[in-house]
Amino acid sequence: MSRVPFYLRERLDEIRQRVLFEAYEAQKLPKWEQIILTWITLFSFWIVISGNTRIENLFIGGITTLVISLLMYEMLTDDIRQSGHIIEKILYISFFAIPQYLFIMAFRLIESNFKVAKHALLMDINPGIVKIKTDLHSDTGITILANSITLTPGTLTLDVNKKLGETYLYVHWISVETLNREIAGEKIKGDIERWLKKIFW
Amino acid sequence: MIEYFLLFLGESIMIFGTLGILRFPDVYTRLHAATKCDTGGAMTILIALAIASEASLLIKLKFLVLAFLIGLINPMVSHAIARGAYKYGIKPEVVVDMYARDNP
């Protein structure tokens, strides 16, 4: 790959990204399902934030959030890839995927707090910036993965690089254990990438 | 009873985060302490407040919305600060720097 001239490499990059995008574009959610998912999310936020369950308030909130979700449905759910009936999707996401994510992240966050306390007391740091590869390609998936990596113990995401249809993350690691890309990726990402690949592409 | 435990845990996490900000050597390691300890400490304190406050359920849920927003915004801000500091030219004190090797 390193011997390919520069102009050809850019062209190849373009073609590969298009092929990948089209392969995942086929399993995209239909438009009305996107609208329903956005509407449910926005409406639950409306109920929690307004804090009032009178019937007029719910009516106004329902109409407002429906208009907003008709206009901006693709901002929130454009990167979700999931097959099955719409009710199945709603139940899966709200009762299985999100609690699982919260359960994973709560323990990782507590663990990372204790680890920072240990590093601050003992000062046994050995920092380094390593590069890891992820299998995710969508913007939402990479954003959630990078934010989760920042909250997991000992790591902080510096930058994202997309090259030749593959995504690389630069991670500042407070105590470098290995330089091997696969082992480092497995240690840094953990369960979170496996969880994200069930929903995002 | 559990809210006092959570409150104490959050306060001690915040204290250790401050200690980390004061003791670590450069920007990036200090950001570790700032991000993780602020997020964990603030979320723990908010959950303790949500348990302890004597209000209706919908008002307790607002504390959880605040915790969710803190968990969403804090890592993004730390990523922005770290990348901005690197682009500005602050060299990290590290043993290996693959980012400098790929962006000469």
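**Note on the two-chain model**

1. Chain A is divided into domain 1 (6-96) and domain 2 (98-199), with bounds that come from an automatic or database domain assignment. This is a predicted model, in which local features need pLDDT of at least 70 and side-chain atom pairs count only at pLDDT 80 or more, while totals for chains, interfaces and linings use all residues. Residues are numbered from 1 along each chain as its sequence is written, and chains are lettered from A and ligands numbered from 1 in the order in which they are written.

2. The centres of the two domains of chain A, taken over C-alpha atoms, are 25 Å apart. Eleven residues from domain 1 and eleven residues from domain 2 form the contact (two residues are in contact if their C-beta atoms, placed from the backbone, lie within 7 Å). On the domain 1 side, helix H1 (6-25) and H5 of chain A each supply at least two residues. Helices (H or I, at least four residues) and strands (E, at least two) are DSSP runs, numbered from the N terminus.

3. Chain A has eight helices and three strands, in the order α-α-α-α-α-β-α-β-β-α-α along the sequence. Its radius of gyration is 21 Å, whereas a compact globule of 201 residues would have one near 17 Å; the radius is taken over C-alpha atoms, and the globule rule is 2.2 Å times the number of residues to the power 0.38. The C-alpha trace of chain A spans about 60 × 50 × 25 Å along its principal axes.

4. Between the chains, 36 residues of chain B are in contact with 32 residues of chain A. H3(B) gives the most to the chain B side, with twelve residues. That side divides into 21 nonpolar, nine polar and six charged residues (Ala, Val, Leu, Ile, Met, Phe, Trp, Tyr, Cys and Pro count as nonpolar, Asp, Glu, Lys and Arg as charged, and the others, Gly among them, as polar).

5. In H1(B), the buried residues are B:Gly10, B:Ile13, B:Phe16, B:Gly17 and B:Gly20. They lie on the same side of H1(B), because they cover an arc of only 130° around the axis, the arc being that of the directions from the helix axis to the C-beta atoms. Their cover includes helix H5 (86-122) of chain A together with helix H2 (27-52) of chain B. On the face turned away from the buried side are the exposed residues B:Tyr4 and B:Leu22. A residue is buried if 20 or more other C-beta atoms lie within 10 Å of its own, exposed if 12 or fewer, and partly exposed in between, with C-beta atoms placed from the backbone.
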